[in-house]
Amino acid sequence: IIEIGSNFIGKHIYHFDSVDSTNTIAKKMAAEGAFDGTVIIAEEQIGGRGRLGRSWISPKGTGIWMSIVLRPNIEPTEAAKITQITAAAVANAIRKATGCEVGIKWPNDIIIHNKKVCGILTEMGAELNSVNYIIVGIGINVNVDIKEFPEEVKKIATSIRACVGKEISRKDIVKEILLEFQKLYLDFIENKNIKKSIDICKKYSVTLGKQVKIKNRDKEIIAEAIDLTEDGQLLIKNESGEMQTVISGEVSVRGI
Ligand code: BT5
């Protein structure tokens, strides 16, 4: 347990050497009654996960691989809001701690110079219409050596070290993320909206105003990304000029 947490998010921090996936550990701990705000951090993940069964490369000692256990009193349909809160918190935190000008690619990527430096994986445990727990997983390439990545990931990934030009303390970044996340998350819990987070997501968005390709299951559409709704959904204008909202899915921004 490392002493970097605040009075709520990160009050209890569990630090592991090597795990399968911090999200899997967090789920298990949540099911066994872990406190709201518990944080799990690992030096290395052997089975780090992305969305839709994809894998997340998590080499030893150089990245931030962590998960936060949350127990909000919300409906399952609201879980996607947590991803937006997290993206806003991580973007703000990396900017503050490193000075790197990160952008947010809706819905779950933090990017630097058009390359992915962080991914977010939100998972949920729910019964009927109530959320039992939400796990938000955050993976950040801090001092990771991207040259060691497989060819297809190397092309799309970057690290904070590559941006700053030197090694950066992972602890400083974790600390900043937990503080930022707590601020934005409490605002959501107390005021029942995510306005502050959405404003940050809009400010740093690399998606808005661009042509995007949206893949959802078998369907694929080309559209223009117009705005984020107050719930954090993407508002798009499709090829026939109609506006519609997208809850989640694969979004590729043309040119990125
Ligand atoms: C994500 O999925 O971006 C969510 C990643 C969440 C990782 C964290 S680490 C702590 C916690 N525990 C876990 O097991 N997971 C969470 P997605 O949007 O599906 O993107 C996955 C894709 O990103 C892969 O298919 C690769 O192309 C690429 N990728 C894999 N590892 C990467 C890395 N380290 N840096 C940048 N891109 C990577």
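Buried here means under 20% relative accessible area, exposed means over 50%, and partly exposed is in between (1.4 Å probe, protein chains only). By that rule Asn-238, at 14% relative accessibility, counts as buried. This is a predicted model, where local features need pLDDT of at least 70, side-chain atom pairs count only at pLDDT 80 or more, and totals for chains, interfaces and linings use all residues. Residues are numbered from 1 along each chain as its sequence is written, and side-chain values use heavy atoms, with hydrogens and water left out.

**Around the ligand**

- There are 27 residues around the ligand, and Ser-21, Arg-49, Arg-54, Lys-116 and Asn-141 come nearest; to be near, a residue needs a heavy atom within 4 Å.
- On its own the ligand has 800 Å² of accessible area, and the protein covers 93% of that (areas come from the Shrake-Rupley method with a 1.4 Å probe; for residues, only the protein chains shown count as cover).
- At least two shell residues come from each of α1 (22–31), β3 (64–70), β6 (115–127) and β7 (130–140), with β6 giving the most, 4 residues. Helices (H or I, at least four residues) and strands (E, at least two) are DSSP runs, numbered from the N terminus.
- Sorted by class, the shell holds 13 polar, 10 nonpolar and 4 charged residues. Asp, Glu, Lys and Arg count as charged, Ala, Val, Leu, Ile, Met, Phe, Trp, Tyr, Cys and Pro as nonpolar, and the others, Gly among them, as polar.

**The cavity**

- Searching the whole structure turns up 1 cavity of 30 Å³ or more. A cavity is a set of points on a 1 Å grid over the protein atoms alone where a 1.4 Å probe fits but cannot get out, and lining residues have an atom within 4 Å of a point.
- The largest cavity has about 30 Å³ of space, the volume being the space filled by probe spheres set on the grid points, which are joined across faces, edges and corners.
- Its lining is made up of Gln-84, Ile-104, Trp-106, Cys-201, Ser-205 and Leu-228, which split into 4 nonpolar, 2 polar and no charged residues.

- Most residues other than glycine have a negative phi, and most peptide bonds are trans.
- Trp-106 and Pro-107 are joined by a cis peptide bond, with omega about 0 degrees. Pro-107 sits in the loop between β4 (103–105) and β5 (109–112).
- Leu-52, in the loop between β2 (39–45) and β3, has a positive phi near 50 degrees. Leu-52 counts as exposed because its relative accessibility is 72%.
- Asn-114 also isn't a glycine, and its phi is positive at about 70 degrees. The loop between β5 and β6 holds Asn-114, which counts as partly exposed at 44% relative accessibility.

- Asn-238 belongs to strand β10 (residues 234–238). Its side chain makes a polar contact with the side chain of Gln-244 at 3.1 Å (N or O atoms within 3.5 Å; within protein, one must be able to donate a hydrogen and the other to accept it, and residues adjacent in sequence count only if both atoms are side-chain atoms).
- Ile-9 is in the segment before β1 (13–19) and is buried, at a relative accessible area of 0%.

Technical notes
On a 1 Å grid over the protein atoms alone, a cavity is a set of points where a 1.4 Å probe fits but cannot get out, and a pocket is an open set with protein on both sides within 12 Å along at least five of seven lines; lining residues have an atom within 4 Å of a point.
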